[in-house]
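Here are a few notes to go with the model you asked about. Keep the picture open while you read.

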Amino acid sequence: MREAAALPLAAVTSWEALVGGATLDASFAAVRTYHGHVVSALGWGSHSLAPLSFRGATYSGVVTLLPMLTGRGREHHGDILREIATLADAGALRPRLDGRWITLDTVMDAYRLVADGMAEGKVVVDVAG
């Protein structure tokens, strides 16, 4: 189970800017003030941390590609993935999801939930309807 389906809104607590580049810069400007946290696996390049700092938010860069590209530490990453798979198979990984049903027709409700701090976990939007 992953939380990748979480709605990335201006008031989100954690924003997974996995594509880097301009999206990472936009994430710094959009993350929730004081309690926001941006996580990126593609944070290289030249990025200004000022918008993030002005919001009192935090940033974590996760460098996962280097072991895959160089071979150094690849076995350790394999160990980590095997442990994660074991936890997932045991049902020990549970995403914190808000229980309300949100569709594209009610997406503004999702925005209000997150913006007002009323979401009880990640807000998921059912795009299939």
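The points below go through some local features, one by one.

1. First, the ground rules: this is a predicted model, where local features need pLDDT of at least 70, side-chain atom pairs count only at pLDDT 80 or more, and totals for chains, interfaces and linings use all residues. Residues are numbered from 1 along each chain as its sequence is written, and side-chain values use heavy atoms, leaving out hydrogens and water.

2. Have a look at helix H4, residues 74–89, where you'll find leucine 87. Helices here are DSSP runs of H or I with at least four residues, strands are runs of E with at least two, and both are numbered from the N terminus. H4 has 16 residues and spans 22 Å from first to last C-alpha, close to the 22 Å expected at 1.5 Å a residue (that is, 1.5 Å times one less than the number of residues). Just after H4, glycine 91 has a positive phi of about 75°.

3. Now find tyrosine 34, in the loop between helix H1 (21–30) and strand S2 (37–40). Its phi is near 70°, positive although the residue isn't glycine. Tyrosine 34 is exposed, at 65% relative accessible area.

4. Histidine 47 sits in the loop between S2 and helix H2 (50–54). Leaving aside residues up to four places away in sequence, histidine 47 touches Gly21, Leu24, Asp25 and Phe28 (touching means heavy atoms within 4.5 Å).

Notes:
Buried means under 20% relative accessible area, exposed over 50%, partly exposed in between (1.4 Å probe, protein chains only).
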